[in-house]
Amino acid sequence: MSVESLVSQLKTGLDAPICLTWELTYACNLQCVHCLSSSGQRDPRELTTAEAKQVLDELHDLQVFYINIGGGEPMVRRDFFELLEYSIGRGIGVKFSTNGAFIDADKARRLTAMDYLDIQISLDGIDAATNDAVRGAGSYDMARRAMDNLAAAGFVERNGPFKISVVVTRHNVDQLDAFKALADSHGAQLRVTRLRPSGRGADTWHDLHPTNAQQRQIYHWLLAHGDNVLTGDSFFHLNALGEPLPGLNMCGAGRVVCLIDPIGDVYACPFVIHDQFKAGSVRDEGGFARVWKQSPLFLELREPQSAGACASCGSYDACQGGCMAAKFFTGLPLDGPDPECVGGAADEMLRTVNVGLTPKPAMDHSKPVTLGRSIGRKPVPVAGA
Amino acid sequence: MVCAASTERPLLDTPLELHPQVALRPEPFGALAYHYGNRRLIFLKHPDMVAVAKVLAEHPSLAEALRACGVAEARWPSFTAAFTNLQNSEIVRER
C-alpha cells in the first residue's frame with residue numbers, strides 16, 4: 001500500500017485515535033498570551049480522579065497506546081502523579097506538556113523513575129526577553145530550571161530525550177538553530193509547532209504569527225532538520241512550497257486525533273475548543289468510545305472534504321487547504337485557504353474579515369486581571385487554586 | 001542500523017518474533033504497531049502482514065510463517081522488504 005492510499009484510509013478514521021490529547025485542567029500558574037485553551041482558572045466541573053480513571057480504563061480497552069496530557073498546567077492537579085501511574089499501569093504511555101514550574105529536584109527524580117513517560121517543556125524564546133514576552137515573567141527561568149533538574153536526575157539516560165516544545169512566532173523564527181543547540185546540549189529533542197489563532201491566541205495571532213517570508217524560512221529549516229525535529233505534523237500547509245515535509249500531511253481532526261478537555265468534553269482537535277467542533281462528552285452514555293465511533297461530527301469529518309475555493313489551485317494536493325482551526329478562528333471559510341497560505345490566497349480575504357465577528361472560544365478560563373495596590377484593593381484569594 | 005543477522009543469512013531463513021514491548025492494534029487497513037520502548041508507531045498496511053506478524057514466533061523462519069499464512073511465494077519479496085523495515089524499527093527481532 002502506498003503512502004497516499006494509507007492517508008486516504010486514515011482520513012476515513014481509525015477504530016481509536018492515534019494521537020489523543022487530554023487537557024487535565026484549565027488551571028495554570030501562567031497566562032501565556034497564545035494559550036490554545038484560554039487557561040488560567042480551574043473549572044469547577046473538572047473530571048474527578050475517579051472519572052479520569054474511568055476514561056483511562058476506556059482508553060485501555062480501545063488500545064490507545066499513549067496519550068498527550070496538557071492543560072492548563074497538568075502538574076497543578078493534586079492527583080497528577082496518581083493519574084500518571086494509573087495510566088502507565090494500564091499500558092497507556094504518557095507524554096505530558098508542562099511549563100516546568102513544578103519540576104523541582106524531587107519531582108524530577110520521581111518522573112525519571114517512571115516507565116513509558118515523555119515530557120515536553122514549553123519554551124518560546126531562547127532568552128528570557130523573547131520567551132517571557134509571550135509566556136510571562138519568570139517563565140524562562142522556570143523552564144530552564146526544570147530542564148536542569150531533569151538532566152541532573154538522569155531522565156535522558158533512563159527514558160531517552162525529553163522534549164523542548166517551541167511554538168514558532170514572528171519573534172523566535174530566527175532562534176531555531178539556537179533552540180536546536182539548546183536541546184542538543186541537554187540530550188533533549190526539539191519540537192516545534194505552529195502558532196494557532198485558538199484560545200487567547202485568537203487575540204494575539206495577528207501580531208505573533210510568522211510573516212510570509214518567515215513561513216518560507218521555517219519550511220527550509222524543517223527540510224534541513226526535519227528528521228531530528230518533531231513537529232506534530234503541524235506545518236503541512238507549507239508543503240505548497242515544494243518537497244513535502246516529513247509526516248502524514250493531513251488534518252487528523254476527528255480522524256486520527258481528538259481532544260478531551262478538562263471537563264470531559266470531546267473536541268475534534270486541541271485547537272478547536274468551540275461548540276461547532278464539540279463531538280460529545282466522556283460523561284455521556286457510552287463514554288468516549290461512543291463519541292469517537294458514532295458522533296455525527298466525527299463521522300462527517302471522516303467523509304471526503306470539499307476543496308472549495310482551493311480546488312483550482314495546483315498546490316491543493318500538497319497543502320490540503322491547511323489547518324481547519326486556523327481558518328475557523330480567523331473567520332475564513334473552512335473550505336477556503338489557510339490564513340497562512342504561502343501562495344497568499346488568504347491575504348485579501350483576511351483584510352475583509354470583520355475581526356469583531358470571528359468565532360470566539362467556547363470557554364474562557366483566563367484569570368481576571370489583577371488590580372494593582374495603587375487602586376487600594378487587595379487581591380482576593382481564589383478557593384481551590 | 002544494520003543488524004548483524006541480516007548480513008549472516010537471508011531474512012526469509014531467520015526465526016523472528018514480535019518484540020515483547022510491541023503492541024498491535026487491529027485497524028481496517030491492517031494494524032498499528034507501537035513499540036513502548038523506542039516509541040515508534042508503525043503502520044502494518046495489509047491484513048496479511050498482521051497475520052504473519054502474529055504467528056512469527058510459532059515458526060522456525062519467516063518463510064515458514066509466510067507459508068503457514070498462505071502467502072503466495074510471488075509476494076514474498078515485498079513481505080521480506082516490509083519485515084526488514086520492521087526489524088530495523090525493532091518491531092520484530094530475531095529470536
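Let me start with chain B, which reads α-β-β-β-β-α-α-α-β along the sequence. That is 4 helices and 5 strands. Helices here are DSSP runs of H or I with at least four residues, strands are E runs of at least two, and both are numbered from the N terminus.

Before going on: this is a predicted model, where local features need pLDDT of at least 70, side-chain atom pairs count only at pLDDT 80 or more, and totals for chains, interfaces and linings use all residues. Residues are numbered from 1 along each chain as its sequence is written, and chains are lettered from A and ligands numbered from 1 in the order in which they are written.

Now the overall form of chain B. Its C-alpha atoms fill a box of roughly 30 × 30 × 20 Å along the principal axes. The radius of gyration is 12 Å, which agrees with the value near 12 Å for a compact globule of 95 residues. That radius is taken over C-alpha atoms, and the rule is 2.2 Å times the number of residues to the power 0.38. Of the 95 residues, 28% are buried. Buried means 20 or more other C-beta atoms within 10 Å of a residue's own; exposed means 12 or fewer; partly exposed lies in between; C-beta atoms are placed from the backbone.

Next, chain A. Its open sheet has 9 strands, ordered β6-β5-β4-β3-β2-β1-β7-β8-β9, with mixed pairing. Two strands pair if DSSP finds at least two bridges between them. Which strands stand at the edges? In chain A, β6 (189–194) and β9 (278–281) do; each has a single partner strand, so one side of each lacks a neighbour in the sheet. Twist averages 25 degrees from one strand to the next. Angles run from 0 to 180 degrees between N-to-C directions, with axes fitted to C-alpha atoms, for helices over the stretch in contact.

Zoom in on one pair. Strands β3 (93–98) and β4 (117–122) of chain A run parallel, joined by 5 bridges. There, K95(A) stands opposite D118(A). Helix α8 (176–185) of chain A packs on the sheet, touching β5 (163–168) and β6, and its direction makes about 145 degrees with that of β6(A). Contact means C-beta atoms, placed from the backbone, within 7 Å.

Last, helix α11 (287–294) of chain A. G287(A), F288(A), V291(A) and W292(A) are buried.

Notes. Contact = placed C-beta atoms within 7 Å.
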